[in-house]
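This briefing covers how two chains meet. The sequence and structure come first, followed by the contact between them.

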Protein chains: 2
Amino acid sequence: MAKSGFVKERLRSFVERVERLEEERAALSADIREVYAEARGEGFDTKTMRQVVRMRKLDRAQFQEQEAMLDLYLSALGMR
Amino acid sequence: MAKSGFVKERLRSFVERVERLEEERAALSADIREVYAEARGEGFDTKTMRQVVRMRKLDRAQFQEQEAMLDLYLSALGMR
C-alpha cells in the first residue's frame, strides 16, 4: 500500500509536469499567433511570412548539417 | 528608401520574434519528451500516459464548457 501510494504519486507528478509544460507551450503558440496578427495589422502577408520562417529554419538546418559534415572530414584528416 | 528600410526592419523584427518564440516552444517540447523519458525510466508506460494527458485535457474542456453554459443560464435567469 505504501509502495502503491508512492507509485500513484510519481505518476501524478509526471502527468502534472507534462501538463504544466504543455500549458506553457500553448501560451507560446498563442504568442506566436499574436505576433502574426500584429504583423497582419501592419499590412504584412502572414502566409508569406510563415513560409519565410519555414525556409529560414530549413536553411539553418542545412547549414548545420554542412558544418557537421565539414567537422567530421576535418577531424578525419587530423586538421582539427 | 527610408520608408522601405523601415518596412524591412519591421518585417525582420516580426520574423525574429516568431523565431525566438518557436525556439522556446521547441525547448518545451524537448522538456516534455524528457519528462516522458524519465517516467519510462521508472517503468511507466508512456503511451498510456500520453493518452491520460489527452483525456484529462478533454475533461477540462468539457468541464469549462459546462461551466460556461451554466453561467449563461444563471445570468439569463438573473441568478448571477
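How many salt bridges are counted between chain B and chain A? The count is 12 salt bridges, each a side-chain nitrogen of Lys or Arg within 4 Å of a carboxyl oxygen of Asp or Glu. This is a predicted model, in which local features need pLDDT of at least 70, side-chain atom pairs count only at pLDDT 80 or more, and totals for chains, interfaces and linings use all residues. Residues are numbered from 1 along each chain as its sequence is written, chains are lettered from A in the order in which they are written, and side-chain values use heavy atoms, without hydrogens and water.

**Symmetry**
- Chain B is superposed on chain A by a rotation of 180 degrees with 0.0 Å of shift along its axis, at RMSD 0.1 Å (least squares on the C-alpha atoms of residues with pLDDT of at least 70 in both copies).
- The two copies are therefore related as by a two-fold rotation axis.
- In chain B, the C-alpha of B:R25 is nearest the axis, 2.7 Å from it.

**Interface extent**
- About 3000 Å² is buried between the chains, with carbon and sulfur atoms giving 67% (accessible area, 1.4 Å probe, lost on being put together and summed over both parts).

**Charged pair**
- One salt bridge joins A:E42 and B:R10, whose closest N and O atoms are 2.6 Å apart.

How values were computed:
Buried area = accessible area lost by both parts, 1.4 Å probe.
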